[in-house]
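The following paragraphs lead through a structure, beginning with a pair of strands and moving on to its nonpolar cores. Please keep the model in view while reading.

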Amino acid sequence: MKQQPGFAAAVLAGGQSKRMGTDKAFLTHQQTQRPYWQHQQALLQSLQPSRVIISANADQDFKEADIVRDTHDRVGPLGGLLACLESMHESLLLVLAVDMIAMTTTPLQTLLDGCQDRQGAVYRDDGFFQPTAAVYPLAALDQVRAFQESGKRRLQDLLQQLVEADFMKVLPLPGNQRGAFANVNAPQDLTHA
C-alpha cells in the first residue's frame with residue numbers, strides 16, 4: 001500500500017457571502033446542528049491531517065480554531081489558498097469550501113490517495129475543475145504566488161497552469177459524487193442542500 005504524504009487541511013471560510021446576505025460560515029448545518037465551519041472542520045479532521053486550518057477574513061471570529069487570515073484581499077478563494085500554503089510545512093494542503101455542505105469523506109480521500117509529495121489532485125467535470133475541494137502541493141507555492149501577483153484570480157486558470165506544470169493530477173469526477181460538490185451560495189440553495 002502506498003504511503004500517503006503528510007498533509008494539512010483547510011476550510012476556506014473567508015468569503016464575503018454577498019449573495020447569501022449573511023456569513024455562510026455561521027449558518028447551521030441541518031444534520032449536525034453545527035455552524036458550517038465546524039461541520040467542515042470535523043469532516044476534514046476525520047481524514048486525519050496534521051492540522052485543520054480555518055481560512056478567514058479579518059472580520060471573522062472562529063473561537064478555538066487554528067485560523068489563517070487571508071492576507072490578500074479581494075482575490076476570492078485564491079487569497080485563502082495562498083495564505084494557507086504560505087503558513088504550512090506539510091507537503092500537501094487539502095482545501096474544502098465552507099459552503100460545500102454535502103461533501104463526504106469518500107471523494108476527499110480519493111483525492112488524497114491520488115497525490116504524491118510534490119503533486120496534488122483535483123477533480124474535473126464537464127471541462128471544469130473543482131478548485132475548492134482539491135489538494136494543492138506546497139511545491140507549487142511560488143507558482144500560486146506569481147499567479148496572484150500577476151493580477152489574476154480565476155482558479156480555473158490557476159489549475160490549468162498547475163496541471164500543465166505537473167503540480168496537479170486530474171481525476172474524473174464520478175457521476176455519483178457530483179452532489180457533494182454543490183455550493184450553497186444564496187438563500188434559495190438552502191432548500192436543495
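Strands β4 and β7 pair in the antiparallel sense over five bridges; pairing requires that DSSP find at least two bridges between two strands. Helices (H or I, at least four residues) and strands (E, at least two) are DSSP runs, numbered from the N terminus. Within this pair, Leu 93 has Tyr 136 of β7 as its bridge partner.

The model is predicted, so local features need pLDDT of at least 70 and side-chain atom pairs count only at pLDDT 80 or more, while totals for chains, interfaces and linings use all residues. Residues are numbered from 1 along each chain as its sequence is written, and side-chain values use heavy atoms, with hydrogens and water left out.

In a regular strand the side chains alternate between the two faces of the sheet. Both faces of β7 are covered, with Ala 133, Val 135 and Pro 137 buried on one side and Ala 134 and Tyr 136 buried on the other. Buried denotes under 20% relative accessible area, exposed over 50%, and partly exposed in between (1.4 Å probe, protein chains only).

A nonpolar core is a set of buried Ala, Val, Leu, Ile, Met, Phe, Trp, Tyr and Cys residues joined through side-chain atoms within 4.5 Å. The largest has 35 residues, and Leu 44 is among those touching the most other members. Elements supplying at least two residues each include α1, β4 and β7. Apart from this core lies another of 29 residues, among them Leu 93 and Tyr 136.

Helix α1 (residues 36-45) also contains Tyr 36, which counts as buried because its relative accessibility is 2%.
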